[in-house]
Every structure is written in C-alpha cells, then in structure tokens.
Amino acid sequence: MTEALLKVKNLHTEFRTEGGIVKAVDDVSFEVNAGEIFALVGESGCGKSVTALSIMGLIPNPPGEITSGSIEFDGVDLLSLPSREMRAIRGSRIGMIFQEPMSSLNPVLTIESQLAEPLKIHENLSGNVANDRAKELIDMVGIPDSATRMKQYPHELSGGQRQRIMIAMAMACSPQLLIADEATTALDVTIQAQILDLMQDVTSQTGASLLIITHNLGIVARYADRVGVMYAGKLREVSDASDLYAEPHHPYTVGLLQSVPRLDADKGSPLSPIAGEIPDLTDLPEGCAFNPRCEWAVDKCRIEQPTLEETKPGKQVACFEHETVALRV
Amino acid sequence: MSTTAVSPEQQSIKPETGPILETRQLKIHFPVKRGLIIQRTVGVVKAVDGVDIQIKHGETLGLVGESGSGKTTLGRAILRLNDVADGSVRFEGQEVLELPGREMRRLRQKIGMVFQDPYGSLNPRMTAGNIVAEPMLVHKIFKDRSEITDRVMELFDTVGLNRSMATRYPHEFSGGQRQRIGIARALAPGPSLLICDEPVSALDVSIQAQIISLFDRLKEEQKLTYLFIAHDLSIVRHVSDSVAVMYLGKVMEQGNADDVYRNPQHPYTKALLSAVPIPDPKVERKRDRVVLKGDIPSPLNPPKGCVFNTRCPVAEDRCFVEVPLPQTFSDGRQIACHKVNP
C-alpha cells in the first residue's frame, strides 16, 4: 500500500456567527491516496466545502478558524506552514476548481494572461514560454480554436468553456491533487458529463489525485473510488464507492440513497425520504446529530456522539447501531 | 392558428376523455432590441418555436430540457405570463390566448403554479397563512373570512405544515417548508392543473424526496394534472406519465414516459439520458454512454435545419438544410428527426 497523499486528521474548523459558534467541520479524518478519486458527499451545510477550503488554507479568518487537527500533504503539515510557503503549494501542487467559473475568473483579464499567470509565478516561466504553454493547456482541455480563445475575455465563453479554462488553470502546474468543489453543479447535464470526463482524463494522465465535492450521488457512483459521507460537520461513513451503494452501513447513507429517484427505475417506484429537516448548526441535537431523523436511533444516540470506527476493511462508520443497520439493508 | 371550429361547450361535455391542456404550433418569439431611447429590433429569440403538447386528465407531463430549451417559457405561456404568444393553447377546450381579462382571471383559479425559488416567490412581509389565503381573497372564493381561515388550515394539513406555523413569516421557514407554502398557495383556489417549474431543484436531496412524495400524494388525493418542468431527468422519470424533450425551442421527442426512457429514439434524447449518472456504481460503470461534443448554441442564432445538428453524432447533409417535422410512430410517440422514421 502506498503512502496516502493527503491525510486529514481530527480537523476542526469553526465559524463565529451571531447565533453562536458553528462547528462547520467537527473532528473530520480521512485520507486520499495518490492517483485515486475521492468524493465527499453531503447536503448543504454538512461541511464538505469548508473541508476543501481548510485544505487549501482559504478559510477566511475572522470569522473562521481551524481550531485543531492536522492536514498532511505529501508528508508536510499544511497547517504549520507559514503563509508564504502555503502560497507556493496552493495553485501549484494543489489545484482547485469552484462551482461558479464566472466569479472565479477575472473578468477584465484575457484568458491568456490568466492562464499564464500561475506558470510565471510558480514555474518562473518567461512571458512567451508561458503563453505557449497556456495555448497547449487550452488544447488539452478540448477548447477548439485556441489561438482566438487566448485573446478573449471570460464573458465571451460559455459556462462549459469557462469551466474548461478553470481546469486548464488548475492543471497548469501539474498539481498532485485537484479539488473540484461542486464544479459541475451549475452546468447542464450534457456539459456536466463532458467536464467530469475531462477532469478524470487529465488527472489520470498526470497521476494526480482528484477530490470531488458534490451532492450528486450519481456523479459519485460514476467516478469515485472511495467516498466520505458528511452530515452536520462530521464524516458519517467512509467506504469504497461500490461498497457504499451495495451495503450502506450508516442510517443517513441509507436514507440518502433511498431519497434519490433513479433514471432506470420503473415509474412510480416509491421514494423513502428521510423525515425532518437538516438541523441548524448553531443548535445541534444532543448526541448523534442525525438522531431526530433516524429510524434506528436508540437512547444512547440521544446522549453520546458516535465516532468513526472501522467496521470492515475499507469501511468506517460512525453509528452505534451500524450492525443492526447492516442487517436490515 | 385561430380557433373557431370547436365551441368551448362542445368540448366541455366530455372533459374526462379529451386532453385537459393542448398547445398547437405554439410560438413565443421575443424581439431583441438595441438602442437607448429609440429602440430597434435587431433580432428575435425563438424561445418556443412551434410546439404541440397534450396533457390528459389526471396525468403528468414531464417537460425536460437543458438551459435555453424554452421549457420555462412554455409553462409561463399557458398562464399568459408572457404576452407574445402565437398559435393555440387550449385548456379544457377553451382557447386561452384569446380570453378576455375577466375570464383569464377565472382561468387562473383552475391552473396553479409552483415556482422554483422558494425564497423569491413568497412575499417576505406576509405571514404564511396570509400568503395561502391571498388567492382565495383575490378570486373571491369565500364570502366569510372564517371559511377562508378554515380552508387555510386544511391546506396546511394537506401539505404537511403545522397549523401553528400560519402566523410565521417566510424567513422563519426552511427551503422545504417554504416550498410547501408555495404548493398550498397554488392549491388554494382549487386548481385542476398545476404547472410546476423546477419545483425541487433548489432543495437538498433528502428534502427533494419529501416534496416529490407530496406531489405524488396530491395527484392521488386531488386528481390533479401536472405539467412538471425540470432539468433533472431522474426526477421527471419518477413523476411523469408522458414526457416531452425540448431543445432550443423545439420538441425533439415526446411520448409515453416508459417508452421514451427505456428506448429513446431521438439522438438528443439518447445523449441526454446517457449523460445522467445512475446512483449505482455496478450499473453506472457498465453503461454505454454518448457524450455530446460542443455547447448548446445561442438561441439568438440557432443552427439552420435541425437545431440539434451542431452536436448530433448522426447528422447528415439533409439535417443542415431541412427542419425535421415531428412524425408520429406506432406507439404514439412523436419524434422530430430525419434519421428516425416510422
């Protein structure tokens, strides 16, 4: 077994808000191996995006703060790095793609200058060399007529093309890790398929790891090797992708899988939605945060918080009743 | 197309058999204007361009398509929310596009609408109870105010909201609860048709399922007919009896939902369905997929001939010249493609 590329250990990220302290990420630990596609899934407010921003060192402080834990990337603890050294890693060895490409690109700079910028900064390439490389990158991400595109501004491109530019930018310095935070959520399905295939291709060519953050269980099923399911700031289940769908061991995972309609199901196949609402992070229930919505909850779940434990090789679950859940499924 | 041949009375004799809603050659073309004070028309966006759809009583028609396909515009045109429609929209035998204002108001009692954005579509200064009561006041459905209050409470029960929440304001509710208020408001005047425009796309997965289940239950209990507009093909699969697939203002394929989903015929439908990942790795990783090249063309400047020709994997010369007309197949399906023939 190769050493993991990214090791997140007991990460705690908090935000101070008017309503009190929000534990957006609460004791999260997981590893991403070299060359693998790892997906973090969950609904809004579960902490998946904050986890990604914590890795990138992009938590706005104040109001946010990483209060404890460690993030080890390729043997280096990112949290102890001075900001200067973190800047050298960000955008160079770790690339990131966000949901909204229009607001991530600078509207007043040409595509060429935006693409060449990371190359000039991180790789010390001269202007002409960087521009040539930028053109290669545009070709790589499948945008036709790269010579014209180089001179254009972001508003002249379609949403899918902008996201391709974001990928080109993130891949410019051949990062070892690419983080895609809801990168295809704003796109139409036919474009979404193109962009995800492209991300899979470019990372597999360079051997980079891909961390996909999404709420879409279909995307996870298609691309991910391993998955972490988050709910209310905590990881609830970490599993091989195929195993997660075949044998979900956490009640929330079970509920989530039964909530999504399937394209290949018969018409009117019943859905079993999870009852209740996602809890307010400033006012979480005692014990396991999922207990008010959980059909398996016992008294213990209302008092104590379960921690993530290995239930079988390759699978970790945070639930006192996971054995009962596993039997029922 | 003007309508003189069939009188409304004739059609309303047997409302259960005919379609509750029918559009014929519906066209909604928006002029594109330029200039600050003296504007001139520089082009036209054919948001909906010659669409024929039918919805039978008690059934759900799923209208799917990607952005710019015209699905939302079509939904709004049925309530005449954009006044540039041409062609025919018939609701229970009545021609909607020619109705005078007073009768149009009466028609709006029978057609309810549920919007996508549960934040933007509720007045923040009104209580949930007042929001649901308002359509009944506008349409003067009840004489007595206490009757309205009773009906509001009944509607709160129907959509799964606690009666005590009636005095709260929209910001005190979650997204899912707000969508329930929106549904209660749409149901208030007792409609027979509900137009749902992306009613769950702003919601989280677990909440989406709750709202879809509510739609399922209402259809059973209240014998509602739905026009369900959505881009999420899996959800449309779950709710629809029939389905119409739109692309750049035109219907590419429509028919029985089971037929279309199991055996899509139009190259666009095939590609669209294969682009949607199935949440099951065992199935998903074995699927044959058609990944379309390129982007959706601008509706300002759609391709000549078949609008899908720029991305179609099987397009031939003819597709770049001639617009394919919808042809009806033996299973009742309608497909607009030169390469698919009955």
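1. **A facing pair in chain A.** A:E72 sits opposite A:D77 of β5(A). Strands here are DSSP runs of E with at least two residues, helices are runs of H or I with at least four residues, and both are numbered from the N terminus. Two strands pair if DSSP finds at least two bridges between them. Keep in mind that this is a predicted model, where local features need pLDDT of at least 70, side-chain atom pairs count only at pLDDT 80 or more, and totals for chains, interfaces and linings use all residues. Residues are numbered from 1 along each chain as its sequence is written, while chains are lettered from A and ligands numbered from 1 in the order in which they are written.

2. **The sheet around that pair.** Four strands of chain A make an open, antiparallel sheet in the order β2-β1-β4-β5. β2 (20-33) and β5 (76-77) of chain A each have a single partner strand, so one side of each has no neighbour in the sheet. Helix α1 (residues 48-56) of chain A lies across β1 (4-17), β2 and β4 of that chain. Its angle to β2(A) is about 70°. Such angles run from 0 to 180 degrees between N-to-C directions, with axes being lines fitted to C-alpha atoms, for helices over the stretch in contact.

3. **Two domains in chain A.** Domain 1 covers 4-93 + 176-328, and domain 2 covers 103-172. These bounds come from an automatic or database domain assignment. The two domain centres, taken over C-alpha atoms, are 30 Å apart. Twelve residues from domain 1 of chain A and twelve from domain 2 of chain A make the contact. Contact means that C-beta atoms, placed from the backbone, lie within 7 Å. On the domain 1 side, helix α8 (residues 189-206) of chain A gives the most, with six residues. That side holds nine nonpolar, three polar and no charged residues. Here Ala, Val, Leu, Ile, Met, Phe, Trp, Tyr, Cys and Pro count as nonpolar, Asp, Glu, Lys and Arg as charged, and the others, Gly among them, as polar.

4. **The largest nonpolar core.** Which residues touch the most other members of this core? They are A:I167, A:A168, A:I179, A:I212, A:V220 and B:F228, out of 196 residues. α8(A) gives the most to this core, with eight residues. Both domain 1 and domain 2 of chain A supply at least three residues each. A nonpolar core is a set of buried Ala, Val, Leu, Ile, Met, Phe, Trp, Tyr and Cys residues joined through C-beta atoms within 7 Å. Buried means 20 or more other C-beta atoms within 10 Å of a residue's own, exposed means 12 or fewer, and partly exposed lies in between. Setting aside neighbours within four places in sequence, A:I167 contacts A:I97, A:V141, A:L198, A:M199 and A:V202.

5. **A lysine in a loop.** A:K300 lies in the loop between α11 (251-259) and β11 (309-312) of chain A. Buried or partly exposed? A:K300 has 13 C-beta neighbours inside 10 Å, so it counts as partly exposed. A:K300 and A:M169 are 131 residues apart in sequence and 49 Å apart in space, C-alpha to C-alpha.

6. **The sheet in chain B.** Eight strands form an open sheet with mixed pairing, in the order β6-β7-β8-β3-β9-β10-β12-β11. The edge strands are β6 (111-114) and β11 (327-328) of chain B. Strands β7 (residues 193-197) and β8 (residues 225-230) of chain B run parallel, joined by five bridges. B:L194 stands opposite B:Y226 in β8(B).

7. **Strand β9 of chain B.** Six of the six residues in β9 (residues 242-247) of chain B are buried. B:S242, B:A244 and B:M246 lie on one side, and B:V243, B:V245 and B:Y247 on the other. Strand β3 (residues 60-64) of chain B runs parallel to β9(B), with four bridges. B:G62 has B:V243 as its bridge partner. Strand β10 (residues 250-256) of chain B runs antiparallel to β9(B), with six bridges. There, B:S242 is partnered with B:N256. β9(B) and β10(B) form a hairpin with two residues between them, and B:L248 in the turn has a positive phi of about 45°.

8. **Where the chains meet.** The contact takes 38 residues from chain B and 38 residues from chain A. On the chain B side, α7(B) gives the largest share, seven residues. That side divides into 20 nonpolar, nine polar and nine charged residues.

How values were computed: Contact = placed C-beta atoms within 7 Å.
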